[in-house]
Amino acid sequence: MMFESLSDRLGAIFEDLRGRGALEEKDVNEALREVRIALLEADVALPVAKDFIAKVKERAIGAEVLRSVTPGQQVVKIVHDALVDMLGGEADASLSFAAAPPAVIMMVGLQGSGKTTSTAKIALRLQKREKKKILMASLDTRRPAAQEQLEILGKQAEVKTLPIIAGQSPRDIAKRALEAGKLGGFDVVMLDTAGRLSIDEQLMAEIADIARETNPIETLLVVDALTGQDAVTTAEKFKERVPVTGVVMTRIDGDARGGAALSMRAVTGAAIKFVGVGEKLDALDTFEPQRMAGRILGMGDIVSLVEKASEEMDMAKAEKAAKKMAKGKFDMDDLADQFRQMRKIGGMGAILGLMPGMGKMKKMVDQAGGLDDKEIIRQEAIISSMTKAERKKPGLMNASRKKRVAAGSGTSVQQINKLLKAHRQMADMMKKMGKGGMKGLARQMAAMGGPGAMAELAGADAPAPGGKAKKEQATDDIDFDAIEKALAGQAPMPPGMGGLGKKK
């Protein structure tokens with residue numbers, strides 16, 4: 001995932017800072033030197049990294065920070081705020097439709113940047129979330145089957161596309177798209193323009209000509225995050241010739257170092273509006289600096305997680321399940337439902353990646369073999385192979401029943417044992433949640449071996465737990481009442497609890 005190595009580096013630097021208690025100016029300078037190196041290694045443009053460190057230093061070396069009760073936390077907050085500014089600050093990421101319909105959105109960019117797919121993704125999002133009536137049109141007459149590609153994507157997304165007429169020029173197609181948009185009562189017409197392998201005069205003249213003809217309210221530049229600083233250079237050159245109103249960054253789920261995203265706003269002045277986070281047509285997120293800064297600093301992104309959950313979850317089912325769990329009832333059918341919901345949101349990896357302070361747990365789950373869609377489907381297959389009675393009362397599963405279920409689901413008895421053990425632990429955890437609140441839940445998780453239970457569920461060996469007495473001692477040392485108050489916003493987070501509960 002993009003920003004992963006930067007996130008790890010910054011996490012280690014700030015953990016060290018927070019662990020020191022009192023801070024001196026040299027401690028902050030040393031940490032900021034490390035932050036600067038981390039930014040440069042993440043491919044952030046040198047002037048941007050320098051400017052960032054200067055801003056942070058100015059605020060972090062003030063007396064109110066160094067003499068505060070939690071100076072390490074204060075420095076992290078200053079870095080967080082500076083990251084938010086660097087990524088675009090309070091800029092509005094929404095698209096403008098303040099024009100007589102149809103509003104024209106023109107998509108521009110180099111060939112291979114993901115322009116056509118991004119066009120369909122944005123169209124689907126606008127149609128689904130904003131309830132807009134969208135018409136897409138491909139103006140790419142050069143690349144073989146480019147127009148057909150958009151037509152196929154339109155069918156998949158259930159978004160209308162302009163019928164293809166061979167031999168028309170891009171300008172003629174744009175004029176026809178506008179006419180069809182007006183006649184068909186469309187709210188938005190999206191124009192997918194042609195790209196080139198590199199910026200040339202002919203490409204720029206064509207885009208400028210289409211812009212004059214259609215007067216787009218938004219001109220979105222699509223750049224590939226994997227091209228690093230080249231993406232920033234591309235954005236600069238496009239901005240010189242056409243009024244780019246926003247950037248769409250694709251392949252942000254790849255292993256790019258993230259410097260392009262961090263440098264884009266500072267170098268070009270163009271705000272990143274959307275990020276492509278996967279191949280599927282719904283794998284598109286709005287780019288919100290606050291949330292992205294939180295993710296980079298390991299504070300998670302609970303807002304995105306809640307949004308995903310509310311979009312994908314069956315709320316009636318969720319409420320019913322919550323009532324059962326509160327009573328300590330949690331059978332195999334409930335577990336299967338949880339798996340289905342989890343798959344809709346993107347799997348355990350996606351969930352852990354968005355939760356505050358869960359970066360390390362996500363790594364442990366990944367190292368243990370992950371809990372991807374295939375694993376979840378396998379667990380669902382095991383549950384489906386059980387009888388109704390067995391699903392209601394997993395205690396009925398004896399050796400012969402396990403053999404039958406293993407044969408029916410194409411798995412092994414060992415895998416069934418792991419699933420049954422994980423279910424027992426989750427059922428116990430639900431009971432604890434119903435009784436002892438956070439304290440009971442934390443003790444239960446410690447007894448389960450923390451992330452080990454998730455690794456167990458993934459069909460891999462759990463990280464070696466550290467012995468029962470040790471675990472109980474670890475949870476006894478934590479002031480859970482103080483944490484609950486902090487999460488409710490009634491008191492500061494106790495020392496040593498990292499980014500937990502930080503407000504963004």
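Student: Where does aspartate 16 sit?
Tutor: Aspartate 16 is in helix 1, residues 4-19. Helices (H or I, at least four residues) and strands (E, at least two) are DSSP runs, numbered from the N terminus.

Student: What kind of model is this, and how are residues numbered?
Tutor: This is a predicted model, where local features need pLDDT of at least 70 and side-chain atom pairs count only at pLDDT 80 or more, while totals for chains, interfaces and linings use all residues. Residues are numbered from 1 along each chain as its sequence is written, and side-chain values use heavy atoms, with hydrogens and water left out.

Student: Why is aspartate 16 called partly exposed?
Tutor: Set its value against the cut-offs. Buried means under 20% relative accessible area, exposed means over 50%, and partly exposed is in between (1.4 Å probe, protein chains only). Aspartate 16 has 41% relative accessibility, so it counts as partly exposed.

Student: Which residue is 56 residues from aspartate 16 along the chain, and what separates their C-alpha atoms?
Tutor: That is glycine 72, with 8.6 Å between the two C-alpha atoms.

Student: How confident is the predictor in the protein chain?
Tutor: The pLDDT (the predictor's confidence in each residue, from 0 to 100) averages 77 over the protein chain, and 69% of the residues score at least 70.

Student: Where is confidence lowest, and where is it highest?
Tutor: Helix 23, residues 468-476, is lowest, at a mean of 41. Strand 2, residues 134-138, is highest, at 96. Across residues 448-476 the pLDDT is below 50, and this stretch has 46 contacts in the model beyond near neighbours in sequence. Contact means heavy atoms within 4.5 Å. Residues 496-504 also have pLDDT below 50, with 18 such contacts.

Student: How many helices and strands does the protein chain have?
Tutor: There are 24 helices and eight strands. Of the 504 residues, 48% are buried.

Student: What makes the strands a sheet, and in which order do they lie?
Tutor: Two strands pair if DSSP finds at least two bridges between them. The eight strands form an open sheet in the order 3-2-4-1-5-6-7-8, with mixed pairing.

Student: Why is one side of strand 3 and of strand 8 left without a neighbour in the sheet?
Tutor: Strand 3 (160-161) and strand 8 stand at the edges, and each has a single partner strand, so one side of each has no neighbour in the sheet.

Student: How do you know that strand 2 and strand 4 pair?
Tutor: Count the bridges. Five join strand 2 to strand 4, and the two run parallel.

Student: Why is strand 6 said to be largely enclosed?
Tutor: Five of the five residues of strand 6 (residues 246-250) are buried, so the rest of the structure largely encloses it. Gly246, Val248 and Thr250 cover one side, and Val247 and Met249 the other; all are buried.

Student: Which strands pair with strand 6, and in what sense?
Tutor: Strand 5 (residues 218-224) pairs with strand 6 in the parallel sense over five bridges. Strand 7 (residues 272-276) is joined to strand 6 by three bridges, also in parallel. Methionine 249 is the bridge partner of valine 223, and valine 275 in strand 7 is the bridge partner of methionine 249.

Student: What makes the unit of strand 5, helix 10 and strand 6 right-handed?
Tutor: A crossover is right-handed if, with the strands pointing away from the viewer, the path from the first strand over the helix to the second runs clockwise. Strand 5, helix 10 (residues 229-241) and strand 6 make a right-handed β-α-β unit.

Student: In which sense do strand 7 and strand 8 run?
Tutor: Strand 7 and strand 8 (residues 284-286) run antiparallel, joined by three bridges. Glycine 276 has leucine 284 in strand 8 as its bridge partner.

Student: How does the span of helix 9 compare with the expected one?
Tutor: The expected span is 1.5 Å times one less than the number of residues. Helix 9 (residues 201-214) has 14 residues and reaches 20 Å from its first C-alpha to its last, close to the 20 Å expected.
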